[in-house]
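Biologist: Before I plan anything around this complex, I would like to go through the model with you. Please give the cut-off behind each term when it comes up.

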Amino acid sequence: MKLNLAEWGNQLHSGERTYNIVGKRRMWLSISAAALLVCILILVVKGLNFGVDFTGGNVYQISDVEDPDPAIAEEVVAEHAPDQEARVSILGENDVHVKIGVVDLEVSRAIEADLQEAYGVTDEQISSEQIGPTFGAEVGKKAIQSLIVFLILVALVMTVYFRAWRMALAGIIALVHDLIFTVGIYALLGFEVTPASVIGFLTILGYSLYDTVVVFDKVRENTENLTAQHRYTYDELANLALNQTLVRSINTTIVALLPVGAILFIGAFVLGAGTLKDISLALFVGMAVGAYSSIFVATPLEVTLRDREARITKHTKEVLELRASGKTDVVVDAEGHVRVGALQPGGHKGQGAQPKRKGRK
Amino acid sequence: MSTVVKGAKRALIWLGVIIVLLYSILTIGVVNDKTTFTPGLALDLAGGTTLILKAEPTDGTTIDESDLEQAVEVIRRRIDASGVSEAEITTQGSDTIVIALPGTPSDRTIDLIRQSAQLQFRPVLLVGDPGATPETSATPSPSPSPSVDPSATPDPSASPSVSPTTSAEDDAVTDPSASPSPEATTSPEPSVSPSPNPTPVPGETDPSSFDWLTDELLEEYQALDCTNPENLGGADLGDSDAGHAACSNDGSAKIAMGPVELDGSDVKTATSGPGYSQAGTLTGEYEVRLEFNSEGAQKFADVTERLYDFYKIDSTDDRARFAILLDGVVISYPFVQAHITGGTATISGGFNQQQAEELANQLKFGAIPLDLTLQTKSTVSATLGEDQLEKGLIAGAIGLMLVVIYSLLQYRALGLVTIGSLAIAGIIVYALIALLSWGMGYRLSLAGVAGLIIAIGITADSFIVYFERVKDELREGRSLQAAIDHGWSRAKRTILASDAVSFLAAVVLYVLAIGSVRGFAFTLGLTTLVDVLVVILFTHPVLILLGRTKFFGQGHRLSGLDPRQLGKTAIYQGRGRVAVSTTAATPGTEGDEASGLTLAERKAAAAKKGEQK
């Protein structure tokens, strides 16, 4: 596996093996756009499954119960708040998790006391949470505020760093794509959205861009002296950058997903529910989507946008004209594709390339 | 030794200095019992109650930071008074107050905290010793109380007095020595109005009348024990249309009062500053200036007129005082030394700057139309917290192990550099969190732990970017040392750019978000910074030094930097020497085909290739 990946990496780097993602950008962008539309449709039609933290309500968790029978909790809730439906789940082996909607503070206190009594535990074993109906809206509002401020700042930073606003725009569209995609998957599968999931969504912001910046940096490096050469077009060099960073993208995604997967596993199967599971689930989905978008959305989009720059349009035209006249020394494979590889100025050809010395083989 | 190696060694020494410094500071703190080696845990891990309150203006105005600070101050006093120790109160954003209470506070404490501040002005009827009067001596008649020994009131020089701010005409009034009139001897005057009329009528009965001292109020007054700190927190605001008994906020006296005459809505603002004598010279004391709005000014004029009459008769009569209550606790009860009609009053009397400022702030806060609403309350039992911490750490350990295994598989010996870097990053992050939990009261929450675990991936990624870059340079035919050099200068830019984006996200989240999001953003931002530090001061220098060893420099099969695996059969070793791989060159790549062939052979091959096309 290791050797194969390394060899594969070599071939990608030298340009011997190329996945023409930029060339087929229409297809990839159409697929992504269609997927986005589906996501938005699901969001509108089905909507997100907001947790108690957003709708307001009460959560009780009773740890280490001897007899974790959900019926006991349902009875207690029915007694104090008949119009509330208690959602009781058993976490791990013997933890009881009870959720109800908004009730008065006094009622909630009475329920807590009775739950403690009914399950026969001390007050050290019962945890509770009362969330006002406006708290979730507050968290959501702040999250959207953060999102907007972040997008503006990042657009500025990227424009300055790459000296090309189109790159910043492509990065941000890819980011929005990731967010909508992730949230769409949440809506589709009906995962519960909690403030912890919102943390996860917001972290995707940083992560998705981080990934994109790395790829864009390579694109920028490859195309730094674009107009000084007339072998390859901008599209081809961008595609090469994409292929050259492919190994890194895969390694990064795996390395990032490993710890997140570990939290998800522990959070979902050992702890049952809560902060850890919610954050890691959102991140897991978001990172997977992010890895996809940095390859199949960000760069193709960036190329599409930058091809509109006069300088690049002119350069592409010149390269293609030269190529048609057969004056460039590019290697064309059997299928007629131009083999784009890193030029190797000063690349050492080894001893064999040197003039032979007398008396030596 | 080359400058590169020197630079690398210097970087490592710097790193060592930083780590030693961090841990020395921490150790000094621990030795002096100021902190512990383990970072403080937030309540979702340690167990406890978190309350999130939202401050909302009731009249549609906006609240600023100082208003919120005042609200926090008031809440802190309420909590301290309720006997809960180690409460942490922080503000988040522009209108959110987060209160962390260890353990499970009583329902009463929580009710107390979420109350909004109430400023009341009541006329004083009685001032007495702070301790509870034994029940037996409680005489239902008000007669014993007015005879309270004047010495029971605070030291006259310290007892504040009120005078109009622009006091040109009442020279005599502000001078206490001018007032003791012969009538003062008629102090048993209250006994003139004994119990026959025990039910005062709000709005009709004179608010300073002893009629307000009903039997119940007297009983309450006598039972009140102001030496018990619990009674200094306030909670009981009393009926505003009836008499009330409360403690002074320093616990030095207890006070029985008439009905509320003015409240926070009558106060415009309060300021503090150095006091001036009539002659306009500094008195060396500080005073509080109170400004009423037009409605308040009218009411205050009525009150001071009445109270000033008492003062004229007897300058030590407690009924010449009015009490200012914040949250049901008397924060000041000055004598009225003038009939104040201008709507501005000065409270003076032995304040130092800090005391004057505090009182002014309290008054101002009482005037802020602020409503505190309880957004969420979450109680985590110690058992659950412990459980979550333990599981969180297990998840982290598993995640770390997977990353270690993967990088060893993927990068061989180079993976060890990754592991070393992660370990160094871990050591620094731990020290920083322990120090921050000491220095600025940072508490590690479950979301924070999640941030740390996720940061493993992001930190490891900067090493991946770097190593892949070095490999790229090797593929382009550079020697290992040159590849490290070149790869670094390029990778550095990428790492800094992507870390900057990541850090930006963390800062924006930390500043704007509320609740657990902040704990997460904090650790994420912290680890991003540490990541940059480690890459520059550890990973890169170590790679430079390793690049000079035989194992890495000659590209051992297990070093992870074997040029043969990177598609190179010959390694240029400098000084015209080239090490040719013993393994067969993998045919297929341009460079490999060429190596070992003569120029003519290569030309022939190229021609052949050209024909094929």
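**Chain B and confidence**

Biologist: Among the contacts in chain B with a separation of 6 or more, what percentage joins residues 24 or more positions apart?

Modeller: This is a predicted model, in which local features need pLDDT of at least 70, side-chain atom pairs count only at pLDDT 80 or more, and totals for chains, interfaces and linings use all residues. Residues are numbered from 1 along each chain as its sequence is written, while chains are lettered from A and ligands numbered from 1 in the order in which they are written. Two residues are in contact if their C-beta atoms, placed from the backbone, lie within 7 Å. On that basis, the percentage for chain B is 74%.

Biologist: Which element of chain B has the highest mean pLDDT?

Modeller: pLDDT is the predictor's confidence in each residue, from 0 to 100, and chain B has a mean of 74, with 75% of its residues at 70 or more. Its 16 helices and 17 strands are DSSP runs numbered from the N terminus (helices: H or I, at least four residues; strands: E, at least two). The lowest mean among them, 34, belongs to helix 5 (residues 171-174) of chain B. The highest, 91, belongs to helix 1 (residues 3-31) of chain B.

Biologist: Over residues 166-197 of chain B, where pLDDT stays under 50, how many contacts beyond four places in sequence does the model have?

Modeller: Residues 581-595 of chain B also stay under 50, and there the model has 25 such contacts. For residues 166-197 of chain B the number is 41.

Biologist: Is Leu282(B) buried or exposed?

Modeller: Leu282(B) is in strand 10 (residues 282-292) of chain B and touches Pro274(B) and Tyr276(B), leaving out residues up to four places away in sequence. A residue is buried if 20 or more other C-beta atoms, placed from the backbone, lie within 10 Å of its own, exposed if 12 or fewer, and partly exposed in between. Of the 613 residues in chain B, 48% are buried. Leu282(B) has 9 C-beta neighbours inside 10 Å, so it counts as exposed.

**The interface**

Biologist: Which element gives the largest share of the side of chain A that touches chain B?

Modeller: The model scores ipTM 0.78 and pTM 0.67. In it, 79 residues of chain A are in contact with 81 residues of chain B. Elements giving two or more residues to that side of chain A include helix 1 (2-14), strand 5 (126-131) and helix 11 (275-306) of chain A. The largest share, 15 residues, comes from helix 10 of chain A.

**Inside chain A**

Biologist: How are helix 6 of chain A and helix 8 of chain A oriented to each other?

Modeller: Axes are lines fitted to C-alpha atoms, for helices over the stretch in contact, and angles run from 0 to 180 degrees between N-to-C directions. These two helices pack at about 10 degrees, with their axes 11 Å apart. Angles under 35 degrees count as roughly parallel, over 145 as roughly antiparallel, 65 to 115 as roughly perpendicular and the rest as oblique. Helix 6 and helix 8 of chain A are therefore roughly parallel.

Biologist: Which residues does Phe216(A) touch, not counting those up to four places away in sequence?

Modeller: Phe216(A) is in helix 8 of chain A and, with 30 C-beta neighbours inside 10 Å, counts as buried. Its C-alpha is 8.6 Å from that of Ala238(A), 22 residues apart in sequence. The residues it touches are Phe162(A), Met167(A), Gly171(A) and Glu302(A).

Biologist: How many of the 11 residues of helix 9 (residues 234-244) of chain A are buried?

Modeller: The buried residues of this helix include Asp235(A), Glu236(A) and Leu240(A). Helix 9 of chain A is largely enclosed by the rest of the structure, because its buried residues number 11 of the 11.

Biologist: Which exposed residues are on the face of helix 4 of chain A turned away from its buried side?

Modeller: In helix 4 (residues 70-80) of chain A, Ile72(A), Ala73(A), Val76(A), Val77(A) and His80(A) are buried. They cover an arc of only 130 degrees around the axis (taken from the directions from the helix axis to the C-beta atoms), which puts them on the same side of the helix. These buried residues pack against strand 3 (87-91), strand 4 (95-100) and helix 5 (105-119) of chain A. The face turned away carries Ala71(A) and Glu79(A).

Biologist: Where is Asp64(A)?

Modeller: Asp64(A) has a positive phi of about 50 degrees although it is not a glycine. With 19 other C-beta atoms within 10 Å, Asp64(A) is partly exposed. Its place is the loop between strand 2 (57-62) and helix 4 of chain A.
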